[in-house]
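This report describes the fold of one protein chain, from its overall layout to selected contacts. The sequence and the structure are shown first.

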Amino acid sequence: MPDPSSWLHEASATATGGHVRTDDGGLSTALASPLAPHCTGLTPEQLLAAAFASCLHHAAVEAAGEITDEAHTVQVTAEAKLGRDDDGRYRADVHASISSAGLSREQLAELVAYADRLWPFSSDDSSRHRLTVSAAENGRH
């Protein structure tokens, strides 16, 4: 992992009481719960699809800037599915596609490969991310 001083961006979010909110208030929405079917709001798979689409779009726009002046036409579609393994753990299957108007097949293939290499959840490399889950200090919200 890079030196902590090299991080470019940082954000935090809190999910509680059937709601998720980013620290800056940019996203605030109700959450659906697979354990409470009566709850309305975004589902975990919708949030995963949105997060992957957002991350990959950022990378694709950056990559497009190196390939063409059509970066403003980049579109990313992501589909996320959640399932359960026999031991009860969730697993995710995410598929994303990138399109951009006015590119040849070769340019689009180059754009997709470049964008996939840029973002931390590359389809070729699962070692570029780390998730640490720990208990919060008592009373900390």
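In what order do the elements of the chain run from the N terminus on? The order is β-β-β-α-β-β-α. The model is a predicted one, and its secondary structure comprises two helices and five strands.

**Overall layout**

Taken along the principal axes, the C-alpha atoms fill a box of roughly 50 × 40 × 35 Å. The chain has 141 residues, of which 22% are buried. Among the contacts in the chain with a separation of 6 or more, 32% are between residues 24 or more positions apart.

**The strands β1, β2 and β3**

Strand β2 pairs with β1 in the antiparallel sense and with β3 likewise in the antiparallel sense. The two pairings are set out below.

| Strands | Bridges | Residues between the strands | Glycine with positive phi |
|---|---|---|---|
| β1 (residues 13–16) and β2 | four | two | glycine 17, near 55 degrees |
| β2 and β3 (residues 28–30) | three | five | glycine 25, about 80 degrees |

Both pairs form hairpins. Strand β2 itself spans residues 19–22 and has two faces: Val20 and Thr22 form the covered one, whereas His19 and Arg21 form the uncovered one.

**The helix pair**

Helix α1 covers residues 44–67 and helix α2 residues 105–118; they pack at an angle of about 130 degrees, with their axes 8 Å apart. The two helices are therefore oblique to each other. The crossing of α1 past α2 is right-handed. On the α1 side, the contact is made by Leu56, Ala59, Ala60, Glu62, Ala63, Ala64, Glu66 and Ile67. Helix α2 contributes Gln107, Glu110, Leu111, Tyr114, Ala115 and Leu118. Sorted by class, this contact has 10 nonpolar, one polar and three charged residues.

**Aspartate 116**

Helix α2 also holds aspartate 116. Is this residue buried or exposed? Aspartate 116 is buried, because its relative accessible area is 15% and the cut-off for a buried residue is under 20%. Its contacts, leaving aside neighbours within four places in sequence, are with Ser122, Ser123, Asp124 and Arg128.

Key
Residues numbered from 1 in each chain as written. Predicted model: local features only at pLDDT ≥ 70, side-chain atom pairs only at ≥ 80, totals over all residues. Heavy atoms only, no water. Axes fitted to C-alpha atoms, helices over the stretch in contact; angles between N-to-C directions. Parallel < 35°, antiparallel > 145°, perpendicular 65-115°, else oblique. Left-handed = near helix turned anticlockwise from the far one by under 90°. Contact = heavy atoms within 4.5 Å. Nonpolar A, V, L, I, M, F, W, Y, C, P; charged D, E, K, R; others polar. Buried < 20%, exposed > 50% of the residue type's maximum accessible area, 1.4 Å probe, protein only. Pairing = 2+ DSSP bridges.
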